[in-house]
Amino acid sequence: MRHPTRPAFRAPPTPTGRALVLLAHPTLHRSRGNAALITAARSVEGVTVHDLYDCYPDFDVDTEREQQLLAAHPLIVLQFPFYWYSAPALMKQWLDLVLEFGWAYGPGGLALEGKTLLCALTTGGGEGAYKPDGSNRFTIDELLRPFEQTAHLCKMRWAEPFVVYGVHREEASILAEAKRQYAERLRSLLAGLETP
Ligand SMILES: Cc1cc2nc3c(=O)[nH]c(=O)nc-3n(C[C@H](O)[C@H](O)[C@H](O)COP(=O)(O)O)c2cc1C
């Protein structure tokens with residue numbers, strides 16, 4: 001059920017910049033990490049923020065509109081809390097519906113060619129848990145391989161993921177630093193894009 005203070009269903013944004021941040025968080029009103037990071041993203045000039053759970057609470061993704069949004073932005077950011085070693089369900093639904101054969105990959109599927117894909121995520125587990133001898137056994141880079149391969153199949157450039165570990169334990173000052181670093185990362189990726 002939607003939180004009463006959350007705005008009602010919202011239409012997808014109109015493109016305002018060169019970076020599209022697709023946020024997937026089912027309970028943003030209870031978020032620390034992603035709420036902080038999305039504030040940082042909104043502060044960066046040239047960023048369009050798209051809150052997927054706000055737009056598609058019923059998972060009824062408008063494929064055509066999403067493809068138009070993707071086509072209009074050279075930098076695509078998938079921002080989410082790490083859930084069961086992946087993204088929340090709506091992000092998967094979005095990928096399943098929007099990255100169509102013949103559009104994103106396969107014969108004639110060149111719509112995303114040359115764009116950059118950044119995954120920006122928060123985890124509950126600390127950095128030490130994401131090591132071969134840690135409780136999660138694999139690094140985040142290893143666990144994000146399906147996203148990396150998706151980018152590869154769609155001829156996109158894969159940017160090094162932006163990860164904020166152990167969000168529940170982090171003090172406010174560390175989250176403030178994560179916000180600063182995220183904004184800096186977005187600015188730097190935007191500056192490195194080929195023109196136009
Ligand atoms: C359904 C669910 C699955 C989760 N799975 C993981 C996981 O696989 N690895 C992990 O480190 N944290 C996991 N967590 C913790 C979240 O990653 C953590 O709560 C989130 O990153 C905090 O960000 P937020 O403040 O924006 O909600 C999970 C949390 C939920 C609710």
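I shall begin with the basis of the analysis and then take the pairs helix by helix.

This is a predicted model, in which local features need pLDDT of at least 70, side-chain atom pairs count only at pLDDT 80 or more, and totals for chains, interfaces and linings use all residues. Residues are numbered from 1 along each chain as its sequence is written, and side-chain values use heavy atoms, with hydrogens and water left out.

How many salt bridges are there? Taking a salt bridge as a side-chain nitrogen of Lys or Arg within 4 Å of a carboxyl oxygen of Asp or Glu, the count is four.

Let us turn to helix H4, residues 89-98, where Lys92 and Asp96 lie four residues apart, about one turn of the helix. Helices here are DSSP runs of H or I, at least four residues, numbered from the N terminus. The two side chains form a salt bridge at 2.9 Å, N to O. Asp96 counts as partly exposed because its relative accessibility is 46%; the term covers values between buried, under 20% relative accessible area, and exposed, over 50%, with a 1.4 Å probe and protein chains only. Lys92, at 48%, is also partly exposed.

In helix H6, residues 145-153, Arg145 and Glu148 are three residues apart. Their closest N and O atoms are 3.1 Å apart in a salt bridge.

Finally, helix H7, residues 172-191, holds both Arg180 and Glu184. Their salt bridge has its closest N and O atoms 2.7 Å apart. Which residues are linked in a network of salt bridges? They are Glu177, Arg180 and Glu184.

How values were computed: Helices (H or I, at least four residues) and strands (E, at least two) are DSSP runs, numbered from the N terminus.
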